[in-house]
Amino acid sequence: MSTSYFPDARNINTGDVTIINAGSYHDGRSRSAVEKLREHIAAGAMHDSAERCDAPKCHPETRVAVQDELVGWIENGDQEEDPKKIVWVTGPAGGGKTAIMGSTADTCQEKGLLACCFFFSSFTGSTNRRFKRCLVPTLAYQLVQDDGLRDVGERILSCVERNPAIFEKKLEVQLDQLLLQPLRESGRNMESPKVILIDGLDECQAEQHGDIPQTRQEAARANEVDQEEILRALLKATNDPSFPFCIIIASRPEPAIQSFFTDIAHHTTRKIFLDDKYGPDADMLLFLDSKLEGIRRQYNIPAPWPSSDVKETLVKNASGQFIYVAAAMRFIGGSSAPPQELLDQVMALRRQDVTANPFALLDALYTHILNSSPKPLLAVQWLSLIFRTNHLEYVDSHMKLSARFTQLFLESSPGEASHVFRGLNSLVSIPDNHTSPYSLFHKSLTDFLGDPSRCGSLYVADPEDLYFTRYLQIWRNKGLATPLSQLERENLLHQFMEHFQGLTQWGSLFIGMKQKVDSYDFAWWVRSQHESYKHPNCPNPTQHNLNVFYLFSTVHKKASRDIIFHYMQFTNSISSANGINDVALLAGTSERRYSRSFKSSVGRF
């Protein structure tokens with residue numbers, strides 16, 4: 001009698017090594033611990049990531065003093081009379097903090113001092129660089145990759161293997177189990193690496209859960225709570241005897257962060273404020289010399305150009321803000337006019353009282369560049385919608401939509417985007433391909449656009465108004481304004497429909513729009529979306545249909561009873577013709593459940 005190695009087994013599929021029995025499920029393709037960890041990191045937040053290939057770095061021979069101070073502290077700070085475990089690098093917007101941190105990371109990498117790092121970014125790059133949830137996994141992943149810390153890396157991976165849900169825990173728990181416990185268990189003193197770098201902490205944003213939108217004040221407070229949680233977890237780590245690293249944190253001096261370092265962590269923290277002590281004017285002059293020499297050669301301008309007085313005036317106008325001279329050089333080196341003419345425009349900007357507004361000249365420069373657009377107000381509306389709201393982001397990942405989709409969504413006529421953004425290349429990075437999003441060269445532009453006291457007549461109070469205007473125009477016109485190939489039209493229509501879910505958060509804004517909504521051709525949209533659902537290019541049919549269901553539910557709550565009645569008649573006729581339920585067309589639930597949903601909606605009128 002033969003012995004079965006699979007007693008009571010059912011549904012054996014040897015091709016994929018999938019075995020299902022009465023009590024368990026085994027998948028031969030199970031992921032390794034490092035793959036599980038990899039799923040939770042923000043790869044773009046590492047200093048040498050491809051995403052940061054164009055990130056700001058210190059120009060050669062600039063910011064030398066502050067970089068030397070940081071590296072010297074990393075190497076010898078533990079020998080000081082009152083050693084500190086944390087350095088806080090701070091200063092106003094545009095002072096070059098990210099450039100300094102990027103260059104310091106490169107230097108530490110070369111010297112073997114860098115343990116790991118995380119560069120937060122709320123306005124460019126992948127959106128997982130905005131949130132705290134990726135911080136600890138990303139730091140842990142870099143330690144796993146360090147050949148000199150193999151024993152620590154193995155313990156990190158063992159933790160992931162034992163507890164895959166660790167990524168859903170509080171930040172303090174993640175830090176303890178993924179970093180501190182493996183370091184404790186390794187039981188050895190490490191000479192190197194020595195430092196962890198965290199840049200842009202003030203750009204860490206709280207993730208919103210649920211459909212109710214937050215006010216700006218609520219969102220700002222939620223951000224502060226997450227930033228404080230990160231600081232408390234890092235402070236606790238530095239107080240653990242098994243933690244061998246020092247930490248450098250760079251951020252703006254926002255109130256919550258300032259309060260933490262002043263009131264809670266002052267005994268552990270050394271503060272470096274980027275002021276005149278570190279010679280920013282001399283560094284900016286070196287930067288200007290290099291950039292202006294490149295422009296002079298490009299346009300065959302005779303030397304010397306410009307005069308030393310002009311350069312010194314530009315440095316004086318910058319008031320210590322590197323972003324001013326960087327934006328000015330991108331503007332002067334642009335192609336909208338000859339360089340001398342553009343330089344004259346910058347020099348003509350009035351120097352206001354910087355004691356009342358330290359960003360006065362930067363604001364004047366931003367205002368001047370924005371007014372160089374053929375349609376300045378529309379350009380600011382577009383920029384405010386793209387970068388001050390989350391409407392033009394993927395619903396599931398919060399990543400910015402591609403520049404191509406954004407362009408087609410916003411355009412009222414073909415070619416309008418190129419016209420509106422003409423002259424703004426010194427502020428906005430416009431990608432050459434169709435898949436990358438628009439991005440800004442510096443976050444300070446969103447600060448400017450969001451502050452009416454700084455941008456004056458260019459201020460847009462409610463950038464989402466344009467979003468709903470264009471949304472309804474696309475509904476009314478049954479598509480986008482720009483003629484497209486059949487394939488691109490189908491692909492973009494899929495994207496558009498998949499973002500209908502965004503309207504469920506803002507259904508109340510349809511009040512007062514009932515006549516507009518009632519006049520739209522619901523039948524055409526239902527028919528076209530049913531055809532799109534069946535199309536082989538539909539990227540995610542299930543989510544697509546679910547989003548369509550959310551949209552129509554929102555609209556039906558605001559539309560008239562007659563529209564709902566005719567709509568239901570139409571969908572019933574399609575269902576009969578195709579031999580499917582209403583809901584198979586829209587959401588994949590049962591017809592009875594769908595009917596109850598509509599009866600409930602009608603009952604609210």
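This is a predicted model: local features need pLDDT of at least 70, side-chain atom pairs count only at pLDDT 80 or more; totals for chains, interfaces and linings use all residues.
Reader: Hello! To start, in which loop does Pro306 lie?

Author: Welcome! The peptide bond from Trp305 to Pro306 is cis, with omega near -20°. As for its place in the chain, Pro306 is found in the loop between H9 and H10.

Reader: What is omega near for the peptide bond from Ala303 to Pro304?

Author: Pro304 lies in the loop between helix H9, residues 280-298, and H10. The bond that leads from Ala303 into Pro304 is cis. Its omega is near -5°.

Reader: Is Asn300 buried or exposed?

Author: Asn300 sits in the loop between H9 and H10, and its phi is near 55°, a positive value in a residue other than glycine. Its relative accessibility is 69%, and exposed means over 50%. Asn300 therefore counts as exposed.

Reader: How does Ser319 count by its relative accessibility?

Author: Ser319 belongs to the loop between H10 and helix H11, residues 322-332. Phi of Ser319 is near 50°, again a positive value in a residue other than glycine. The relative accessibility of Ser319 is 34%, which falls between the cut-offs of 20% and 50%. Ser319 therefore counts as partly exposed.

Reader: Why is H10 called oblique to H12?

Author: Helix H10 covers residues 308-318 and helix H12 covers residues 339-347. The two pack with their axes 11 Å apart, at an angle of about 45°. Because of that angle, the arrangement of H10 to H12 is oblique.

Reader: How many nonpolar residues does the contact of H10 with H12 have?

Author: H10 passes H12 in a left-handed crossing. On the H10 side the contact is made by Val310, Thr313 and Leu314, and on the H12 side by Leu343, Val346 and Met347. Sorted by class, the contact has no charged residues and one polar residue, while the nonpolar residues number five.

Reader: What is the handedness of the crossing of H2 and H3?

Author: Here we turn to another pair of helices. The axes of helix H2, residues 64-76, and helix H3, residues 97-111, come within 10 Å and cross at roughly 45°. That angle makes H2 oblique to H3. As for its handedness, the crossing of H2 and H3 is right-handed.

Reader: How many charged residues are in the contact of H2 with H3?

Author: H2 brings Val66, Gln67, Leu70, Val71, Ile74 and Glu75 to the meeting. From H3 come Ile100, Ser103, Thr104, Thr107, Cys108 and Lys111. By class there are six nonpolar and four polar residues, and the charged ones number two.

Reader: How many disulfides does a search of the whole structure find?

Author: A disulfide is a covalent bond between the sulfur atoms of two cysteines. The chain does hold cysteines, including Cys159, which counts as buried at 4% relative accessibility, and Cys204, which counts as buried at 1%. Even so, the number of disulfides found in the whole structure is zero.

Reader: What percentage of the residues in the chain is buried?

Author: Let's step back to the whole chain, which has 26 helices and ten strands. Among contacts between residues at least 6 apart in sequence, 75% join residues at least 24 apart. The chain has 605 residues, and the buried share of them is 49%.

Note on methods: Residues are numbered from 1 along each chain as its sequence is written. Side-chain values use heavy atoms; hydrogens and water are left out. Axes are lines fitted to C-alpha atoms, for helices over the stretch in contact, and angles run from 0 to 180 degrees between N-to-C directions. Helices (H or I, at least four residues) and strands (E, at least two) are DSSP runs, numbered from the N terminus. Angles under 35 degrees count as roughly parallel, over 145 as roughly antiparallel, 65 to 115 as roughly perpendicular and the rest as oblique. A crossing is left-handed if the near helix is turned anticlockwise from the far one by less than a right angle, and right-handed if clockwise. Contact means heavy atoms within 4.5 Å. Ala, Val, Leu, Ile, Met, Phe, Trp, Tyr, Cys and Pro count as nonpolar, Asp, Glu, Lys and Arg as charged, and the others, Gly among them, as polar. A disulfide is a pair of cysteine sulfur atoms within 2.5 Å. Buried means under 20% relative accessible area, exposed over 50%, partly exposed in between (1.4 Å probe, protein chains only).
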